[in-house]
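Subject: Handing over the structure

Hi,

Here is the structure I promised to pass on. Have a look at it first, and then read on for what turned up.

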Amino acid sequence: MTTEEYTKTEASLNRLKKSAKAIRVFFKVIFVLFCIVWVMLVALFGCLSFFPEIVSPDAESAGAVPFILCIVFGLLIAVFLRQAIHFLSDIEKGESPFSMRQVRRIRVVALIFMVYVVVEAVFSIGQTTLVESGSLMVKYSVTSVNSNPTLSINFGMLSAAAILYCLSLVFEYGTLLQQLSDETL
């Protein structure tokens with residue numbers, strides 16, 4: 001490697017580290033704010049689900065579904081943010097992004113997105129969405145004599161899961177190439 005190539009490589013690595021640090025700090029702030037809001041929402045939905053008389057003496061229970069959804073979606077988002085923070089932290093430390101640890105993290109995020117799609121689809125059965133904004137959703141209904149259930153599939157999130165899984169395969173290939181290169185030298 002020539003001196004010029006080495007200098008360019010070092011400059012590129014330093015830009016990558018600075019970018020990773022800035023994005024990691026941003027994600028940490030988002031994570032903390034998210035956790036605060038999430039705890040408040042869990043408490044609110046818990047109270048509304050199990051103690052509806054707090055809102056109004058005549059109020060009926062909202063059921064456990066909003067409470068369960070709040071917990072499940074909150075956990076998925078929290079795990080996603082933690083994976084992103086760890087991914088960026090390793091890059092900031094100068095570790096190669098082409099490692100099996102990073103491959104696993106990307107696959108975990110792809111799995112989180114897939115679980116999100118499945119949970120959203122399962123809990124959408126029989127529900128009708130009146131307003132959709134900013135989300136790529138496809139709805140279809142199964143007709144029967146007594147009911148008209150619907151199922152919502154979030155194709156945006158499903159596509160993101162597929163893309164992340166493919167990206168994990170690219171990172172795995174890069175990891176194997178890097179190992180081969182290291183063994184050759």
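Is Arg24 buried or exposed? Arg24 is buried, as its relative accessible area is 12%. I'll come back to its partner below.

First, please keep in mind that this is a predicted model. The mean pLDDT of the chain is 84, and 81% of the residues reach at least 70.

Now the overall layout. The chain has 4 helices and 2 strands, and from the N terminus on they come in the order α-α-α-β-β-α. There are 185 residues in the chain, and 28% of them count as buried. The accessible surface is about 12,300 Å², with 69% of it belonging to carbon and sulfur atoms. Among contacts with a separation of 6 or more, 63% are between residues 24 or more positions apart.

Next, helix α4 (residues 155-184). With 30 residues at 1.5 Å a residue, α4 should span 44 Å, and the 43 Å between its end C-alpha atoms agrees with that. Its buried residues are Met157, Ala161, Leu164, Ser168, Phe171, Gly174 and Thr175. What do they pack against? The buried residues of α4 pack against α2 (65-92), α3 and β2 (150-154).

Asn154 caps the N-terminal end of α4, with a side-chain oxygen 3.2 Å from the backbone nitrogen of Gly156. The side chain of Asn154 also makes a polar contact of 3.2 Å with the side chain of Glu120, a residue of helix α3. Apart from neighbours within four places in sequence, Glu120 is in contact with Phe73 and Asn154.

Then the charged pairs. The whole structure holds 6 salt bridges. Here are some of them:

- Glu92 and Arg24 form a salt bridge, with their closest N and O atoms 2.4 Å apart. This pair links distant parts of the chain, since Glu92 is in helix α2 and Arg24 is in helix α1, 68 residues apart. Arg24 is the buried residue from the opening question, whereas Glu92 counts as partly exposed at 22% relative accessibility.
- Lys8 and Glu4 meet through their side chains in a salt bridge of 3.5 Å, N to O. They are separated by about one helical turn, because they sit 4 residues apart in helix α1 (residues 3-50). Lys8 is exposed, with a relative accessible area of 55%, and Glu4 is exposed too, at 54%.
- Glu95 and Arg101 form a salt bridge whose closest N and O atoms are 3.5 Å apart. Glu95 is partly exposed at 34% relative accessibility, and Arg101 is partly exposed at 40%.

Which residues are linked in a network of salt bridges? They are Asp90, Glu95, Arg101 and Arg105.

Cheers

Conventions
Residues are numbered from 1 along each chain as its sequence is written. This is a predicted model: local features need pLDDT of at least 70, side-chain atom pairs count only at pLDDT 80 or more; totals for chains, interfaces and linings use all residues. Side-chain values use heavy atoms; hydrogens and water are left out. pLDDT is the predictor's confidence in each residue, from 0 to 100. The expected span of a helix is 1.5 Å times one less than its number of residues. Buried means under 20% relative accessible area, exposed over 50%, partly exposed in between (1.4 Å probe, protein chains only). Contact means heavy atoms within 4.5 Å. A polar contact is a pair of N or O atoms within 3.5 Å; within protein, one must be able to donate a hydrogen and the other to accept it, and residues adjacent in sequence count only if both atoms are side-chain atoms. Accessible areas come from the Shrake-Rupley method with a 1.4 Å probe; for residues, only the protein chains shown count as cover. A salt bridge is a side-chain nitrogen of Lys or Arg within 4 Å of a carboxyl oxygen of Asp or Glu.
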